Amino acid sequence: TGVQTCALPIYTRSALVTYSGVMQAIPLTIGLTGSTLENVLSLGTLSMQSYGANVSYRMLAGALVPTVSVTQSTSTFAGNPSDTQIFLKAGLRWKPAKTITLSVNYGVNSYTYGTAGTRGSGFTEQMLQAAVSTTF
């Protein structure tokens, strides 16, 4: 009976690196991330990379914390041109009382296709998020 086998090895490998630094002399926190993934399949290889950075600054004894971040990601399949994504985000967290936290975040995601087609060359989307949380 016609059973087909794949001559290529099929595997996945990935790596992730993160760094978070909390400054003692100044109320600053810095974060860095990087990741890579390679998934070898019978139809081709999927490759993805992502790099990001974030910075936050604790004000008013930590009751008010503005944050900014940027992430760039790329992905490609079977040697095609890479899709690219850049995500920028800014946020503000405020703790007006011991048990209440208010936060608001705004982000812009810009996605560019490696090969333009009937769907265009890419898109941009915006996100607005607000939250109220409490502890008891």
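**Strand pairing and side-chain contacts in the predicted model**

The side chains of Asn39 and Thr12 are joined by a polar contact of 2.9 Å. Asn39 belongs to strand β2, which spans residues 28-41. With a relative accessibility of 18%, Asn39 falls under the 20% limit and therefore counts as buried. Leaving aside residues up to four places away in sequence, Asn39 touches Tyr11, Thr12, Gly44, Thr45 and Leu46.

A charged pair also involves strand β2. A search of the whole structure returns 1 salt bridge. Glu38 forms a salt bridge with Arg13, and the closest N and O atoms are 2.6 Å apart. Because Glu38 lies in strand β2 and Arg13 in strand β1 (residues 11-22), the pair ties together parts that are 25 residues apart in sequence. In general terms, side chains of opposite charge can pair when their charged atoms come close. Glu38 has a relative accessibility of 21% and so counts as partly exposed, whereas Asn39, at 18%, counts as buried.

Strand β4 (residues 64-77) pairs with strand β5 (residues 83-97) in the antiparallel sense, over 12 bridges. Within this pairing, Pro66 has Leu92 of β5 as its bridge partner. The two strands β4 and β5 form a hairpin with 5 residues between them. In that turn, Ala78 has a positive phi of about 55°.

On the other pairing of β5, strand β6 (residues 100-117) runs antiparallel to β5 and is joined to β5 by 12 bridges. Here Gly91 stands opposite Asn105 in β6. The β5 and β6 strands form a hairpin as well, with 2 residues between them.

Finally, the surface deserves a look. Met23, Ile26, Tyr57, Met59 and Leu60 form a nonpolar patch there, and together these residues have about 450 Å² of accessible area.

Note on methods. Residues are numbered from 1 along each chain as its sequence is written. This is a predicted model: local features need pLDDT of at least 70, side-chain atom pairs count only at pLDDT 80 or more; totals for chains, interfaces and linings use all residues. Side-chain values use heavy atoms; hydrogens and water are left out. Helices (H or I, at least four residues) and strands (E, at least two) are DSSP runs, numbered from the N terminus. Buried means under 20% relative accessible area, exposed over 50%, partly exposed in between (1.4 Å probe, protein chains only). A polar contact is a pair of N or O atoms within 3.5 Å; within protein, one must be able to donate a hydrogen and the other to accept it, and residues adjacent in sequence count only if both atoms are side-chain atoms. Contact means heavy atoms within 4.5 Å. Two strands pair if DSSP finds at least two bridges between them. Patches are made of residues with over 30% relative accessible area and no salt bridge: like charges are joined within 9 Å, nonpolar side chains (Val, Leu, Ile, Met, Phe, Trp, Tyr) within 5 Å. Accessible areas come from the Shrake-Rupley method with a 1.4 Å probe; for residues, only the protein chains shown count as cover. A salt bridge is a side-chain nitrogen of Lys or Arg within 4 Å of a carboxyl oxygen of Asp or Glu.
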